[in-house]
Amino acid sequence: MFGTVILLLLTLGVCSGHSEGKSSGHVSVVIVGGTGDLARKYLWQGFFHLYINQVTGGNSFSFYAGGISPSEKATPVLFEILKSLSCLESVSEERCAVLKEQFLRLAQYRELKTAEDYQDLAKHIARQLEEEGMKEAGRLFYLSVPAFAYADIAEKINSSCRPPGGVWMRVVLEKPFGHDFKSAQVLASQLANSLQEEEMFRIDHYLGKQAVSKILPFRAQNKKFLDPIWNKHHIERVEIVLKETLDVKGRIPFYDKYGVIRDVLQNHLAEVMTLLTMRLPANLSSSTEVLQNKLRVFGSVLPLGKRQVVLGQYQGYQAEVQQELNKTKGHISLTPTYAAVLAHLDDPQYEGVPILLVSGKMLDERVGYARILFKDDLFCVQNRHSVHCKPKQIVFHFGHGQLKHPAVLVSKSLFKPGLVDAEWKEVTEHADVSVLGLHISDYYVQTPVVEREAYAELISHIFAGRKNNFISTENLLASWLMWTPMLNSLETTVPRVYPGGVDNHDALNVRLTGKEVSFVSEAVIIGPDRNPAAKDFQAMLGNYRSAKMVSAWSQELVEKLAADIQEAADAAVLQGGVFHLALSGGSTPIALFHRLALHHFSFPWRNTHVWMVDERCVPPTDQESNFHSLHEHLLLHVSIPYFNIHPMPVQVRQRLCAEEDGGAQMYEDELRQLVNDSRFHFVLLGVGYDGHTASLFPGRGVDTAEKRLVALTESPVQPHRRLSLTISAINRAQRVALLVMGKGKHDMVIQLSRTKDDPVKWPVTAVRPESGRLVWYIDYDALLG
């Protein structure tokens, strides 16, 4: 049949202009979920356009819609979808009719539920190729199914339908790719068992939008104009916005699990952010270079927390959740349908430049854009309406809005941009519209010569094997690593309720204050009866184990501890010009590190020496390394001289914690040389579930009389070898803070409150500063359970 199709197309002149009359190979396209909503709206149209463009190049095709429905039920549905397909405007009606007829003849539905079904499909493809005498070029699987099915389908493809050697295979995956870092990591690991990285194409359809895909080419084409101004000295702020007028009716089962940040910001808007701020690749066609430059952007984003986001939820959302999820009227969802996130990059080029990512449902208009607003360095005494006195901005207009179509707009007060390529044109005649405060006539405007749908564009890239507009595993995990701490901090946050549409007025407007974002207007949030939030309590002072105790909800506790550390730092610097701070590792202090990095701008970092309380015997680049965590969450984001940073020497002569290398003695010598009387100004400790502190573990013989300051120790869990400050070093400190957080520590807190000093069983009970002060910082979850 394939040969017949090619022959008929040649006869009608569809393949004219190609002297060689034979195919370069046969491609089988399998859309798993081929009669679903996404396939109906976008995928079949995209693959039809691929067929139109590629059949003239000598390729032959077969198309399969896979699904779990029986063939007799699904086949009529498939062909109703295919009958509605349309051709590109450049294709004549006669040619379109022929192409469409042949496309329908090449398509069929197959039930794909079991491994045997995939084996049967593989046998069918092999039989067809043999009958037609065709050489196989590749197989393309598009998984238009829920993400929970990916791993199972990938395993079936790998075991039962993988093409023979020398034939390419591409598997396309739709978001969501997990809902946080851990789930994304698990999914990536599962997929890696069946598919190679180069075979996976994680699709973000926003990267197929024409205005988005032109960001890097535009930057490269206009490099001589942009290089002097594309930096913190000239950029006022960056806005990346996707506004929608529709609600989420019909999508509630999905949407209520994810919300607007996971649905839009973590992927679409974050990807646009990387394109705007990444180092310009030397070769725009190099997917490796593009993806590596994106990674650098994700790694440079300052920590995101509750103070970098505001949330909203449209008024009718609760009723929709109750109806579609069959919930009672008492059920309350905290899923946000609107979010504004303020990000900053720890990058000399963009230091201090606010990057605002905004998206929401039920807003006043449907529009998407990225705007780079430049600082106004001109004051016009007269003729304020002159083009040079108007705002300076570059807008990548994704579509919709008053403009209706994709475009790149450059204020005439900036420069006249060069055209990126022949696929774009300059527009000089305009409708009477304004875009982001400027009349369209105040811009240089470029638009695509032919508008193309995003999925069709990306499908052509998949076929060509071009990966720079797709999400690699590494980039995916880097993105989730950036977003997950914020998402975790928002789990109990009640979003602001807004009425929807034009009635929102200014309810969702935000104000940027330093590195924080907040709503402009005050609002009374009408929410459910709930447990008191953190803001309803102030820090409570008391006593615990004969020492001072500060207790509060976790956020306020971290704020109090950070303030106390800065108070100690300021006092030490004022008195002696230096502050020596020893910090523990683990997950508990990460929120504290974020607080210090994002809110304590006057902290005397240049006069501060940072030391380690303990370290695992792993390389400093290892995720398990305490120094790695400290470096990623704090040191990268503050201006501290590198020679003031003192990691423990666990790796000497390419060996880890070898006793004969003397790492413990080296650290002790450094400490005695730099720290006056070996007395730290402030030591931060945590407490493990078993009562260990630093890397001093139960039953390991904590010697309260020893004179050493640093020692090699043994942990009951891997990695077993540790380097740690001794009790002697800790008890010399002027101030010691013991930070305990989380409900999981409640039993330990109760047990410790009833326990006498027993350093062998409970090493933390040996912490008793000789002439300093001990304060316990315990959050309400750990204290009250």
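**Reading the fold and cores of a predicted chain**

Mentor: The chain has 22 helices and 33 strands, where helices (H or I, at least four residues) and strands (E, at least two) are DSSP runs numbered from the N terminus. This is a predicted model, in which local features need pLDDT of at least 70 and side-chain atom pairs count only at pLDDT 80 or more, while totals for chains, interfaces and linings use all residues. Residues are numbered from 1 along each chain as its sequence is written, and side-chain values use heavy atoms, with hydrogens and water left out.

Trainee: What percentage of the 785 residues count as buried?

Mentor: Buried means under 20% relative accessible area, with a 1.4 Å probe and protein chains only; here 55% of the 785 residues fall in that class.

Trainee: Which residues have the most contacts inside the largest nonpolar core?

Mentor: In soluble globular proteins, nonpolar side chains tend to be buried together. A nonpolar core is a set of buried Ala, Val, Leu, Ile, Met, Phe, Trp, Tyr and Cys residues joined through side-chain atoms within 4.5 Å. The largest one has 120 residues, and those with the most contacts inside it are Leu143, Ile261, Leu265, Leu276, Phe396 and Trp483. Helix 11 (residues 252–277) gives the most to this core, with twelve residues.

Trainee: Where is Lys214 placed?

Mentor: Lys214 is in the loop between helix 8 (210–213) and helix 9 (215–221), and it counts as buried because its relative accessibility is 11%. Leaving aside residues up to four places away in sequence, Lys214 touches Phe396, Val420, Asp421, Glu423 and Trp424, where contact means heavy atoms within 4.5 Å.

Methods. Buried means under 20% relative accessible area, exposed over 50%, partly exposed in between (1.4 Å probe, protein chains only).
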